[in-house]
Amino acid sequence: MTMPAAHPCVTPIDDGVLVDYWLEVMAEADASAVERHLLECDSCGDRLRHLAPLADGVRDVVRSGNLRVVVGEA
């Protein structure tokens, strides 16, 4: 059984903000605002459910020290 598609959000939350919310790296007031929106918006909630495993995976790779990057002076 497939779930019906969520209605599009008229004020979608940016993916970066959703990831910050999931990883708990934002101010409490901002997190509260995101949470209130998610309680009412299935579309943004669906996006968060898809982004959360990716965010967790990136965090795990960074914490493990296995992510090698080159950072320029700028």
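Q: Helices (H or I, at least four residues) and strands (E, at least two) are DSSP runs, numbered from the N terminus; in which helix is His37 found?
A: This is a predicted model, in which local features need pLDDT of at least 70 and side-chain atom pairs 80 or more, while totals for chains, interfaces and linings use all residues. Residues are numbered from 1 along each chain as its sequence is written, and side-chain values use heavy atoms, without hydrogens or water. As for His37, its place is helix H2.

Q: Is His37 buried or exposed?
A: Buried means under 20% relative accessible area, exposed over 50%, and partly exposed in between (1.4 Å probe, protein chains only). The relative accessible area of His37 is 19%, so this residue counts as buried.

Q: Which residues is His37 in contact with, leaving aside neighbours within four places in sequence?
A: Contact means heavy atoms within 4.5 Å. Once those sequence neighbours are set aside, the partners of His37 are Cys9, Thr11, Ile13 and Cys44.

Q: At what angle do helix H2 and H3 pack?
A: Axes are fitted to C-alpha atoms over the stretch in contact, and angles between N-to-C directions run from 0 to 180 degrees. H2 covers residues 28-40, and its axis lies 6 Å from that of H3. The packing angle is about 110 degrees.

Q: Which residues of H2 and H3 make the contact between these helices?
A: Both helices contribute side by side in the list here. H2 brings His37, Leu38 and Glu40. From H3 come Asp42, Cys44, Gly45 and Leu48.

Q: How many salt bridges does a search of the whole structure find?
A: Side chains of opposite charge can pair when their charged atoms come close. A salt bridge is a side-chain nitrogen of Lys or Arg within 4 Å of a carboxyl oxygen of Asp or Glu. Searching the whole structure this way gives a count of three.

Q: How many residues apart in sequence are the parts that Arg47 and Asp15 tie together?
A: Arg47 and Asp15 form a salt bridge, with 2.6 Å between the closest N and O atoms. Arg47 sits in helix H3 and Asp15 in helix H1 (residues 15-22), so their pairing links parts whose separation in sequence is 32 residues.

Q: Are Arg47 and Asp15 buried, partly exposed or exposed?
A: Arg47 has a relative accessible area of 24%. For Asp15 the relative accessibility is 39%.

Q: How far apart along helix H3 are Asp46 and Arg49, in helical turns?
A: These two residues form a salt bridge, and their closest N and O atoms are 2.4 Å apart. Asp46 is partly exposed at 27% relative accessible area, whereas Arg49 counts as exposed at 55%. Because Asp46 and Arg49 are three residues apart in H3, their separation is about one helical turn.

Q: In which helix do Asp56 and Arg59 both lie?
A: The side chains of Asp56 and Arg59 meet in a salt bridge at 2.7 Å, N to O. Asp56 is partly exposed, at 21% relative accessible area, and Arg59 is partly exposed as well, at 27%. Three residues, or about one turn, separate the two in helix H3.

Q: Which residues does Met26 touch, not counting those up to four places away in sequence?
A: Met26 belongs to the loop between H1 and H2. With 22% relative accessible area, Met26 is partly exposed. Beyond its sequence neighbours, Met26 touches Val17, Asp20, Tyr21, Ala31 and Val34.
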